[in-house]
Amino acid sequence: MKVPFSWLKDYVDIQCTAQELQDKLFSCGFEVEELTYLGKDVTGVYVGEITDIQKHPDADKLQVCQIYFGEQIGTVQICTAATNVFVGAKVPAALNGATVLHGEEIIKIKNGKLRGVTSNGMMCSGEELGINDDFYPGAEVYGILILDKDTPVGIDVRSVVGLDDYIFDIAVTANRPDCQCVLGIAREVAAVLHQPLKMPAFDYTMSEVNGQEADMKVTVSAPELCPRYIGHSVTDIQIGTSPAWLRRRLALSGIRSISNIVDITNFVLLEMGQPMHSFDMDMLSGREIVVRRAKAGEKITTLDEKEFTLTGENLVICDGDKPVALAGIMGGLNSEITENTKKVFFESAKFARDNIRKTSRALGQSSDSSARFERGVDAYTTEFGMARALHLVQQLDCGKVTGVHLDCNYADTTGKTMTASVQKINALLGITVPTDTIIDILQSLEFEVTLDKDGDTMSVKVPAYREDVDGYPDLAEEVIRMYGYEHITPTFLEKASVTSGGLNDEQKQMNKFKNVLRLQGYCEAMTYSFYSPKSFDLFNLPADAPERNAVKILNPLGEDLSILRTFLAPSMLDNVVRNLRRGNENGKLFEVANVYLPEALPLTDLPKEKKTLCLGAWGDVDFFDVKGAVESIADAFSLNLTFERGQKSFLHPGITAVIKLGTKEVGYIGELDPRLCHELAIERKVYLAELNYADLARKMGSGMKYEGIPKFPAVKRDLALLADEEVSCGEITQTILRAVKAVKAVELFDVYRGGQVPAGKKSMAFSVTFQAEPTAEKPLSGEAVDGFIRKILGNLKHNLNVEMRA
Amino acid sequence: MQLDQVKVRASEEISAAKSTKELYTAKLNVQAMLKDVMSGMRNLSKEERPAFGKIVNEFKQKLEEEIAAREAVLKAQELEQKYASERVDVTMPGKKYVEGNLHPITLVRNQLIDIFAGMGFQVFEGPETETEYHNFTALNTSPDHPSRDMQDTFYLTQDLNLLLRTQTSAGQIRVMKNQRPPIKILSPGRVFRPDDDATHSPMFHQMEGLVVDKGITLCDLKGMLEEFASKMFTSATKVRLRPSYFPFTEPSVEVDLSCFVCEGKGCRLCKGTGWIEVLGSGMVNRHVLENCGVDPDEYSGFAFGMGIERIAMLKYGVNNIKNFYENDVRFLKQFKD
């Protein structure tokens, strides 16, 4: 919201500087995002009067001017090529050291010579001052800007052409649509500076019109989208340019002057925050206005000559047979004000903010009006906006205000009344603001307050434009933002109960879980919860894979971010590929995040959110490094995880295992299928693993039990075995463990192929640990262990055709 | 062999030994020679034998001393050689086991939890997919509020009932509906909004705090935030409240912290203002308490919410929010507890 300092001063007597006002506004809830001094680029330019003009002796196109700047500066000689100068003209002249604009650049003026003749400055055009006709009439003429003949000499030109001004760019919070205008901000400024607010004039007189010349009819058939519609006929329109003061106000706000009638509507929008529209009445067929939802397929061409096809979700203003405006957004080209307009029908209305927003978004059409309506315009101001516009018509003497005034009001504009307790307000704030101060502040913000005899209860009438206020906490906020938040003194929950804080067991377990992986050398990754449906194809998932049952976002930022993930590996692979492309040759990452599993599609209820772990490793690692990380989780949480050969559509068929907890499959681990590596143009091997955290968490810690320390040391024996290629380490280990109860551990320590090992076979060396029962009275004897070994070898031979290596 | 010969040969053998190993061989040879000499004793008369034996024994003892002396010298030499040969360049890099790192968002999240846990807060993690009721309606967000717009919320169903939560405040409702005051919870987690630029990401993390009890005031909110600021940043960090607006709090405040880089003097981080906008906060709106079945005349409370990325960016000087989700190992490796 851009507010010119000079305009604010119309309504409030402001004695402080713009910077001081910026601080005041900030403290009461209006952050000035940018404070701009308009004249910052134009310095050292003064008003002078041309007292003499001579031809330049050596240049046909140059003239040598003597310019008088008053007693202090005196007379300065300046040469110019401009042809519109004359003796007696008042002109802006940049003197030695001055800065002016040259296009986008700022240039510095120095004393010098033009073709040998001294020229101590430069006379300026409007463009060089950065202004147009709306700032100062004549600013756009070709040549030097000729100032009004009554302009005093020697003064800084910025004060003459409207550049000695500040623009406050103010952030207005969503609850204060009433401050989307200069008057609204002025009201806050008046309150914060303890000054009265000088209201603009709203009075006008209505004139009799002959017959039915000004008659109109208004029907609102969609009151839910248009709670109030006021129309007023004005005849005898004389289209012309607006007076300089009005044009400059618009210019300061960044709006170009069009014509007096259009300027009046724009002025009211800026001043009151009430968007207005003016129709050329002669272009309205049937002399009527109908506010209704558009028919499907109905078309309108707006003022900017864009055509739109509408739906029943769009609100239109129609005449007897066609749309003449896209309600609240922009007028129609067919009823535009032109230089020939003789009669005008002014519109001041309130439209539902979400409908304007939706239409504006859907059509991609917006305007200053639609921006105001989207924030919210109150039905109360609708009336004052119209009154102000009619006042201006009379002030500018550009039309005859008739008695044809139509008001379709479905809104309550009386303003709320409430009672509030001083004590409760203070209890919420935690400090004691004096009762008089509370009442003063509320009154300065136009709340009507009467204090009850009890000295505590206040009856408060809320200004009708303050739709945001609906309880005493709102009043507390009004009080404290004006009283000053610096009065809030920190306390530490003086009256509150003591509570014990911290993480619960599950949350602590998650922290431990992450740390186990961190200690295995894995870095924690975080990725978006959504990815592309194309991931499913890249991962070669079959058409009926459960992972394909994913929740779709209705309005994603793009297809690549449109699916809530059902497994994490695609995000992890993204990370790996990105790292490799950036030259990070090695890495180990983990992520713990939710997958989203819908019960049904389309969704009928919230999807199940399941915490899942994903590991990704690449470079100088192999399958068993990654498996080791998974095993470290099993160790840390006493989980009995087992690994079985498995298949995944995106993993190497020979290097894939499913991970089981008991009989339940809880995850997988494997090497990325070389076909995918090829497709993604990556040359290093990539390993992926995924584990259902929720399933693991249920069993975490439950397997931990103390066992007594055996009295006698364990006995270790090494076994060198010869096995067929197909026999797995897991099978041999299990067979050994099951053969003899005294076996406590079986560890593979070497695998060898070739040499004396026949083809199709491998030599595997195991270390087997035997341990007597903790209750045993004597250590295991050599003979006993020999017996165990015979039993083990017998079972190995029988079950797996595995033999002792010769 | 005669004793005199042996005397010469033995000394020669001993002094010729260049290592303890050679000395050992020399010792064996000398012993053999002595044995030889001793065997000549049987040729002597009974009377001569004691004198001869004494001479040989004296000689034997002398030889042993000679060998021991030689051995000491050789051992010292050999130790020197061992030292020299095993010498290492101690300036070469050590071998260490390389640990991984927790994500900076996790680190900041844990720091925040630690700070607030000490003040009696428990942690509640609500679902990331939510109903419009928990995300908006119960939080006093009117049906026509702009934040409900398709532009500002990811929706999952055509009736716009299910969505990805846009704020962890949604968790407030779930807690208040299930727990009676006193309530002190933190609700950290992922939130989602359709924004995508250098400072906005379609997914980011928030940390919500909620206190509901009897007699909670705005002064308590300020006190708690000062405690937080001094622990999260520096003890000199000041807290400034200024008016703002959120549908679920009234009064609502924006909370600025004095810049911990320049200590309020004005620098690039704080854009010369001396203050940094860090979080949104306020007294819980009465309608929100009512919506959750908490009597607003008996209880009051405050809530605050901050972006974890924002805190992490401030604390670590990360300038693009995208860095957090690209998971470049060179980025992740920099963050330590």
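## A walk through chains A and B

Let us start with chain A, whose domain assignment gives domain 1 (2-38 + 166-192), domain 2 (43-161), domain 3 (217-409), domain 4 (417-482), domain 5 (505-699) and domain 6 (715-804); such bounds come from an automatic or database domain assignment. This is a predicted model, in which local features need pLDDT of at least 70 and side-chain atom pairs count only at pLDDT 80 or more, while totals for chains, interfaces and linings use all residues. As for labels, residues are numbered from 1 along each chain as its sequence is written, and chains are lettered from A and ligands numbered from 1 in the order in which they are written.

Strands of a sheet pair through backbone hydrogen bonds, either parallel or antiparallel. Here three strands of chain A form an open sheet in the order β1-β11-β2, with antiparallel pairing. Strands (E, at least two residues) and helices (H or I, at least four) are DSSP runs, numbered from the N terminus, and two strands pair if DSSP finds at least two bridges between them. β1 (2-4) and β2 (31-37) of chain A stand at the edges with a single partner strand each, so one side of each has no neighbour in the sheet. Neighbouring strands of this sheet are turned by 25° against each other on average, direction ignored. Between β1(A) and β11(A) (residues 166-171) there are three bridges in the antiparallel sense, and Pro4(A) has Ile167(A) as its bridge partner in β11(A). Helix α2 (residues 18-27) of chain A lies across β2 and β11 of chain A, running at about 170° to β2(A). Axes here are lines fitted to C-alpha atoms, for helices over the stretch in contact, and angles run from 0 to 180 degrees between N-to-C directions.

How does domain 1 of chain A meet domain 3 of chain A? Their centres, taken over C-alpha atoms, are separated by 27 Å, and 12 residues of domain 1 of chain A are in contact with 13 residues of domain 3 of chain A. Contact is counted if the C-beta atoms of two residues, placed from the backbone, lie within 7 Å. On the domain 1 side, β1 and α5 (182-192) of chain A are the elements that give two or more residues, and α5(A) has the largest share, with three residues. That side divides into eight nonpolar, two polar and two charged residues. In this scheme Ala, Val, Leu, Ile, Met, Phe, Trp, Tyr, Cys and Pro count as nonpolar, Asp, Glu, Lys and Arg as charged, and the others, Gly among them, as polar.

Further along chain A is a helix pair. Two packed helices are described by the angle between their axes and the distance between the axes. The axes of α12 (residues 435-444) and α13 (residues 472-483) of chain A cross at roughly 95° and come within 9 Å. That makes α12(A) roughly perpendicular to α13(A); angles under 35 degrees count as roughly parallel, over 145 as roughly antiparallel, 65 to 115 as roughly perpendicular and the rest as oblique. Residues of this contact include Ile438(A) and Ile441(A) of α12(A), and Leu475(A) and Val479(A) of α13(A).

Now turn to chain B, which has 11 helices and nine strands. Its radius of gyration is 43 Å, well over the 20 Å that the globule rule gives for 337 residues, so chain B is more spread out than a compact globule. That radius is taken over C-alpha atoms, and the globule rule is 2.2 Å times the number of residues to the power 0.38. The C-alpha trace of chain B spans about 135 × 45 × 40 Å along its principal axes. Chain B is divided into domain 1 (3-86) and domain 2 (104-332), whose C-alpha centres lie 91 Å apart.

Two bridges join β1(B) to β4(B) (residues 183-192) in parallel, and Val123(B) has Leu186(B) as its bridge partner.

Finally, 71 residues of chain B are in contact with 77 residues of chain A. Helix α7 (residues 218-232) of chain B gives the largest share of the chain B side, eight residues.
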